[in-house]
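Reader: Please take a close look at one part of this model for me. I would like to hear about the aromatic ring pairs.

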Amino acid sequence: MDRLYVTGGGRLEGSVRVSGAKNSALKLMAAALLAPGRSVIRNVPRIRDCAVMAELLAHFGVAVELRGDTAVLDATEVTGFEAPHDLVGQIRASIVVLGPLLARTGRARVSLPGGDEIGARPVELHVRGLERMGASVRSEHGFLVAEASSLHGASITLDYPSVTATENLLLAGVLARGTTVIDNAAREPEIADLADFLVSMGAQVHGAGSSTIAIDGVDDLRPADHDAVPDRIEAGTWAAAAVATQGDVTIENARPEHLDLFLTKLEDAGAEVIRSSGEGLRVRQHGQPRALDFVTLPYPGIATDFQPILLAMLAVADGTSIATENVFEGRFTYIGELQRMGADISPEGHHAVIRGVPRLSAAPVRAPDIRAGAALVIAALVADGITEVADVYHIDRGYEDFEHKLVSLGAEIRRGGDPVVIPDPAELR
Ligand code: UD1
């Protein structure tokens, strides 16, 4: 298993370019299932999750080619309808094949999802919505089995604005008979991106990006070309790393309008943030960041994916911060790793109290999921000594060229398979 060795101490400086959004590309790839013919998706990040989604689609008979940042998906024939456990177990997002498989073939068998170990992650909102559209769904031997001779439009109010439930219902609704209205829909920019792709395939979708989405079903869709939206979580990762290291980083290809509240928080921490919609973002931090409180919420709130990243930044802030996690229970389990690096953080239910310290200290740590893995690397950048981060495959699931991008900003990071002896921080001063 690969490990990263991160030497702390330097400030990040320079420019970095954001890749396409993982959470968009995965759904765009699944959407290609809906139309016979060859769809082309660009700006697909070169990450493990997208490779796994490609494998999953190939399993259904889609001819998939991943060339650089382009996915060419020919869904002329969809011969399979079962998403096996070994693939679904690797990415939670594979649940989004449920809606399009059902719409295209009338049936789907999808292993109950895995992915990041964050909270319980149930799927009842997906199931209830599809049932309202006429599907019969049952759970059998660890699989969700859905069948529908034809789907019809329905009025669906989600109990919670779940991102992938909204996407699954949208993906099913575009080929259903009649009108589907999803109320309390998730408003994440990746949903608007998915709807744009579907519209270019001939779908009738209105209101995506707002909390009410109306879909007029059509008889068939045609393949289309689309560029995935830039990854706002990746952009925010570099921005928070710039603040933590008191650096000066320009983030090209970022969409500041997708990061509004998050960037306001960085300003509260003392950062100078220059937003330029066409060109991206510049984040500059002079001196130790200030403590701040934040809560995670569905978009346009601060994304839960930013929670670990902000905690790493606030671990070295001046003062005491309080973080409140409202989206996933169990998303604080990585805090033990930050504590091993000298962070003074006390989790209490869904709150965490972070008492900032001037610097952390290197320790061997383990990445438990994508964003907590990124957070541990940020912590390592402001730690004395060389931090060894194990289970880097989690980071590789979600970030393209993670360490290369950081190295281009001046970070000292190397990747290797063998453990190193962690030097005594005192000897490094
Ligand atoms: C997506 C993102 C993930 C992000 C999350 C929240 C993808 C591939 N993943 O995950 O990176 O962290 O949104 O922004 O896009 N819930 C239910 N019942 C359901 C579905 C969800 O109770 O049927 C709950 C979940 O347990 C969780 C909350 O809703 O507490 C949010 O989950 P959801 O928005 O569905 O997250 P994902 O779509 O899984």
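**Aromatic pairs**

The count of aromatic pairs comes to four. This is a predicted model.

Take Trp238 and Tyr399. Their ring centres lie 6.2 Å apart, which is within the 6.5 Å limit for a pair. Their planes meet at 55°, so the pair is tilted: stacked needs under 30 degrees, edge-to-face over 60. This pair links distant parts of the chain. Trp238 belongs to helix α8 (residues 232-244). Tyr399 sits in the loop between α13 (393-398) and α14 (402-408). The two are 161 residues apart.

Trp238 is buried, because its relative accessible area is 1% and the cut-off for buried is under 20%. Tyr399, at 2%, is buried as well.

A further aromatic pair joins Phe262 and Phe306. Here the centres are 4.0 Å apart. The angle between the planes is 25°, and the pair is stacked. It too links distant parts of the chain. Phe262 is in helix α9 (residues 260-268). Phe306 is in the loop between β18 (294-295) and α10 (307-314). They are 44 residues apart. Both Phe262 and Phe306 are buried.

Back to the tilted pair of Trp238 and Tyr399. Ring pairs link these two residues and Phe402 into a cluster.

Arg109 lies over the face of Phe143. The distance from the ring centre is 4.4 Å.

Terms used: Residues numbered from 1 in each chain as written. Predicted model: local features only at pLDDT ≥ 70, side-chain atom pairs only at ≥ 80, totals over all residues. Heavy atoms only, no water. Phe/Tyr/Trp six-rings, centres within 6.5 Å; stacked < 30°, edge-to-face > 60°. Helix = DSSP H or I, 4+ residues; strand = E, 2+ residues; numbered from the N terminus. Buried < 20%, exposed > 50% of the residue type's maximum accessible area, 1.4 Å probe, protein only. Lys NZ or Arg CZ within 6 Å of the ring centre and 35° of its normal.
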